[in-house]
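Subject: Structure for you to look through

Dear colleague,

I am handing over a structure that I would like you to open before you read the rest of this message. My notes on its salt bridges follow below.

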Amino acid sequence: MEIKDEGTSEEGQHFLPAAQAIDPEDTQFTSIQKIPNEPQLEFILACKDLVAPVCDRKLNTAVQISVIHPVEQTPTRYSSTEIVEGTKDPLFLTGVTFPSEYPIYEETRIKLTVYDVKDKSHDTIRTSVLPEHKDSPPEVGRRFLGSASFQVGELLKSKEQLLSLSLRTSDGGKVVGTIEVSLVKMGEIEDGDTDHITTDVQGQKCAVAYECTAPDSVSGKDNLPLLNAVLKNPVCKLYRFPTSDNKWMQIREQMSESTLSFHIPKELISLHIKEDLCRNQELKELGDLSPHWDNLRKNVLTHCDQMVTMYQEILTELSKETGSSFKSSSSKGEKTLEFVPINLHLQRMQVHSPHLKDALYDVITVGAPAAHFQGFKNGGLRKLLHRFETERRNTGYQFIYYSPENTAKAKEVLSNINQLQPLIATHADLLLSSASQHSPDSLKSSLKLLSEKTELFVHAFKDQLVRSALLALYTARPGGILKKPPSPKDSAEETSPQDEPPQLRRQDSIPHHSDYDEEEWDRVWANVGKSLNCIIATVDKLIESDSHHKEAGGGGTSKDGDTEPSLEESITPHPKEDWYEQLHPLILTLKECMGEVVSRAKQCLTFVLLQELAYSLPQCLMLTLRRDIVFSQALAGLVCGFIIKLHTSLHDPYFLQQLHTVGLIVQYEGLLSTYSDEIGMLEDMAVGISDLRKVAFKITEAKSSDDLPVLTGRREHYVVEVKLPATVFESLPLQIKEGQLLHVYPVLFNVGINEQQTLAERFGDVSLQESINQENFELVQEYYSIFMEKMPPDYISHFQEQNDLKGLLDNLHQNIQAKKRKNVEIMWLAATICRKLNGIRFTCCKSAKDRTSMSVTLEQCSILRDEHQLHKDFFIRALDCMRREGCRIENVLKNIKCRRYAFNMLQLMAFPKCYRPPEGTYGKADT
Ligand SMILES: O=P(O)(O)O[C@H]1[C@H](O)[C@@H](O)[C@H](O)[C@H](O)[C@@H]1OP(=O)(O)O
């Protein structure tokens, strides 16, 4: 017989009935005193002397927790405990926690309903989220035992912060046992008799006494505004697990979305639009070209303009998503959301265990950065880019081949020019203003800055690429005919644009032209240096004659440039005018020379970019789009991970030192299979992650409390400016405060674990995974060497004592070499190495929903076992608690509105054992 509970709406912390979340009447209720960002209320549950209605078997019990808001009568399901098997005195390891945002008051009632679960496979019947739905589906597989309720205020004011409530049958009559509710304060200790606690190994007992140690603050409070601006909609879970010495540890699990999911893509797309508009303009300003090149340019411009329009449309669409901080797995193929990372969350575990320092473990979970809308029929970026480059190199009859490095160099020089030219102009104007003030000191310092920037400018053109590009452009002008065959000795590395025989189309050829005056560029370029030298000489002369003038008793010039009028001044031309007038024409010449260099260099380098775009339109632009999309998803995750890492580690001076001297390792765990579409996803992901090397961070002082990071740069190099509150910023090392760029070292290790991977291993190809793991192992080793070299010796000796990093690296290497099937050891070792190196951890699968959830919960429990002495007999129970009632099942719910991991039995048989979820939590789900 199934006994139905009264109608309640679906549980789920995000899905509060709207009225409940925003009701202005809430103000009439008594708020719970709270610490910022800490949960408002946490408690744990245990039952005693439960009476089974029919003595057919031992009880398997679970408690469902519902909330009755003061103005409402109906309970809203909030959470559940795990199922405790075979006892009438169950002690639940899954507790209850209400995050700081939750509308809960002293007047709020909590209802506790105890069920006897007969069939675990039916336990997750709560398949849809219908908060206002009053008629719950029939409770298949479990029967109602009894319920009790209390007001939050009663618990808070209770003597020992413990309530012992009678459980009654649905008619409110018969008492069927007692339920104990104990308030928990993370870091404080609970006493209790836990003789009957069930373990993985049945019959084990655990005498438990909480011991009180002062909670160590692990979350810099000064820095909270930053975190609050970035993290949204937290889901919180609470557990208590026994330690190997039979004490309790408390674990709080938290999962939050991030506003950066949308903010970073929007910033990035704006930059792409800016960059591409500028390039398109430069293409238009290339001047006259011969018909072949002119047609090519027109064609390129048509496509490029279309691309810009498309980026603008995507940005417009994204801008409509104000306040969004989450893209669900079911939206992964939506065109307008392609730049947004899939299901991005911070997964945090906070541990308070006896005798040990409180600890935080963060993993960013996110769908593998990949271009789902474009699809994977032809593979992903790693393959597509390689194929594109090879074909381009070998098909040079319509354009000149420049290698990706040279194309990147052309972009870099162009960007340097665009930055330096206005800067030099400003310094030149400042020099003139110092001259008009007749201020020798300020003149000297203006000159210094002008010289530095001009030297950088001149230096930017010291490249063979500029010369070869100038010649190439010359030949592409109307009437520019190639008279001589290419000569390898003058090589940059281009192939000829003309229809010459294939043997002449070599990688290192350069167009030649007999009429081309190769030295002309040298003259134009040298003129900048010469005019700077003239300015330097004139300034020296002016300052020298000024000091002679003063020595000879002339008009005094005070240090700050204020002049005192003298007799001599009144009869000789005013020195202020002299200085200005002498320098003014020289500055004009410098600007003119610079203008000439800029115009020539811009044109010829833009011509190099034209070559990149000319090949295989529009595919080449689609490839850029694909790379931008994948990079955007990866970048949003990275910025989120960086900010969170910064927030949690700011108090650690060694971390800060590591940050500016070494940089941070960012380790991605991939669970994709090397089969079918996921090959393409992995190929996208590998490029997206390695492209993150182009990103550097800079920390600046925030002007307001919700300052979000700002992105600058272009496709080859981005800087993310992270803003910290003044008080925190002040405490940073000087190098960071001065704006030193902070680098990241992204690495990816992938191990496919599902049934598709079995197919890949048996009948397919796993070489992609093998080469990614090998390549990335080398990167980790490189990072480790820099770390050992740059961190201070006293830190290193302590670090080596604590951690056998060398051993872990050797072990990882052996496992990668071993080529064992589904060798998950690789991921565990890589994650451990990353944590020990103070890095940022990521876990990804296609949607970051199912496999990722298995992996992060396994990682959490492994950490509890290895670092916090989780009782070994409770490992599986802890894992099941987290998978059954923890944050990750909420993650599944938020993504697909169904509380089931999307695995079937067959799939799970292919999974390594510890990646299989507990019975009743998986099944067919419409993903
Ligand atoms: O979160 P994932 O593990 O990528 O979700 C997979 C799941 O592993 C698989 O069993 C299922 O058949 C679906 O393909 C899930 O992917 P969705 O992207 O459809 O959620």
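Please keep in mind that this is a predicted model, in which local features need pLDDT of at least 70 and side-chain atom pairs count only at pLDDT 80 or more, while totals for chains, interfaces and linings use all residues. Residues are numbered from 1 along each chain as its sequence is written, and side-chain values use heavy atoms, with hydrogens and water left out.

The search of the whole structure found 44 salt bridges, a salt bridge being a side-chain nitrogen of Lys or Arg within 4 Å of a carboxyl oxygen of Asp or Glu. One of them joins Glu520 and Arg600, at 3.0 Å from N to O; this pair links distant parts of the chain, since Glu520 lies in helix H10 (residues 518-551) and Arg600 in helix H12 (residues 575-614), 80 residues apart. Helices here are DSSP runs of H or I with at least four residues, numbered from the N terminus.

Glu520 is partly exposed at 31% relative accessibility, and Arg600 is partly exposed at 22%, where buried means under 20% relative accessible area, exposed over 50% and partly exposed in between (1.4 Å probe, protein chains only).

In helix H21 (residues 805-818), Asp810 and Lys806 are four residues apart, which means about one helical turn between them, and their closest N and O atoms are 3.7 Å apart in a salt bridge.

Finally, a network of salt bridges links Glu275, Asp276, Arg279, Asp628 and Arg715.

Best wishes

Definitions and conventions: Helix = DSSP H or I, 4+ residues; strand = E, 2+ residues; numbered from the N terminus.
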